[in-house]
Amino acid sequence: MLFDAHCHYQFEELSPHWAQMATELEAIKIGGAIVNGTHPDEDWDAVDTLAAAHPWVIPSFGIHPWDVATRPADWQLKFIHRLESHPRALVGEIGLDRWILEPARAKAPAFAALKTASIEEQAEVFRWQLRWAADHNRAASIHVLRAWGPLWEVLKDTPVPKTGFLLHAYGGSPEMVPQFVEMGAYFSYSTGHIDPRKTRQRKSFQAIPLDRLLVETDAPAMAPPHPRYPWPGDPNDWMTNHPANLAQAYADLAILRGIDPTVLEETVAKNFARLVSR
Ligand SMILES: [Zn+2]
């Protein structure tokens with residue numbers, strides 16, 4: 001069985017193709033998928049709907065760093081209410097992102113139009129959500145992009161969930177891995193890491209202990225360069241990620257780690273179960 005440790009199957013891009021994709025996910029033997037909400041008024045309900053429809057969907061609710069600036073005034077109440085009424089749900093996607101504040105804006109008009117929050121404001125919202133996750137021992141799914149310094153600042157004085165937390169699509173250095181492991185971190189290998197040009201990230205994944213490895217798609221983001229499952233809406237769309245490419249990430253990681261694919265599958269299944277249990 002395969003497990004997607006971090007994804008956004010609730011996003012609008014997937015809805016016209018969802019019936020087909022769910023069948024394809026079941027064909028690759030999906031055993032669990034942590035589907036992350038990003039904004040209380042935009043996609044948390046859609047995450048709920050998916051979780052109600054598929055027993056293998058584990059809902060997760062959080063305010064993504066890109067959504068901090070547009071969070072509603074009563075976001076804390078909404079967060080507590082949603083998490084308390086879903087005892088199975090995890091916390092995420094939460095985190096810190098400095099890439100979106102500058103380099104991303106030059107890349108695409110959509111990024112330049114995004115209303116963003118300063119790293120200080122992001123840290124405040126992240127810290128509050130992480131503390132709640134720790135107090136209630138719910139695993140947290142954490143996004144960090146060009147913000148490793150600010151992450152250490154938060155982790156210095158904020159508790160983390162006892163069951164662990166996920167550094168999704170880990171892009172930090174191999175040197176930081178042991179300290180994160182000690183704190184209870186898991187690290188997910190993404191379909192985006194399949195790219196051979198991502199030498200630095202691929203090196204980090206050779207340094208991660210086997211009992212902390214997970215696999216993810218972040219679908220519809222993070223498409224691999226030559227997807228095993230092209231995007232059904234437009235086969236020439238190389239950017240949008242089909243969730244069934246999860247199988248490709250597993251296969252690639254088994255080669256990168258030099259381990260038997262069946263052993264990797266069993267290891268990841270155990271890690272996934274440990275992280276989501278309380
Ligand atoms: Zn994500």
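Let's start with the contacts of Ser190. Leaving aside residues up to four places away in sequence, Ser190 touches Ala169, Glu216, Thr217, Asp218, Met222 and Ala249. Please keep in mind that this is a predicted model.

So where does Ser190 sit? Ser190 belongs to strand β7, which covers residues 185–190. Is Ser190 buried or exposed? Ser190 is buried, because 31 C-beta neighbours lie inside 10 Å, and the cut-off for buried is 20 or more. For a sense of distance, take Pro65: Ser190 and Pro65 are 125 residues apart in sequence, and from C-alpha to C-alpha they are 19 Å apart in space.

Now let's step out to the sheet. Eight strands make up an open sheet, with parallel pairing, and the order is β1-β2-β3-β4-β5-β6-β7-β8. Which strands stand at the edges? Those are β1, residues 2–7, and β8, residues 213–216; each has a single partner strand, so one side of each is left without a neighbour in the sheet. If you like angles, neighbouring strands of this sheet are turned by 25° against each other on average, ignoring direction.

β1 pairs with β2, residues 30–36, in the parallel sense, and four bridges join the two. Within that pair, you'll find Cys7 opposite Val35 of β2.

Last, a helix to look for on your screen. Helix α6, residues 119–135, lies across two strands, β4 (90–97) and β5 (140–145). How does α6 run relative to β4? The angle between α6 and β4 is about 155°.

Notes:
Residues numbered from 1 in each chain as written. Predicted model: local features only at pLDDT ≥ 70, side-chain atom pairs only at ≥ 80, totals over all residues. Pairing = 2+ DSSP bridges. Axes fitted to C-alpha atoms, helices over the stretch in contact; angles between N-to-C directions. Contact = placed C-beta atoms within 7 Å. Buried ≥ 20, exposed ≤ 12 C-beta atoms within 10 Å, placed from the backbone.
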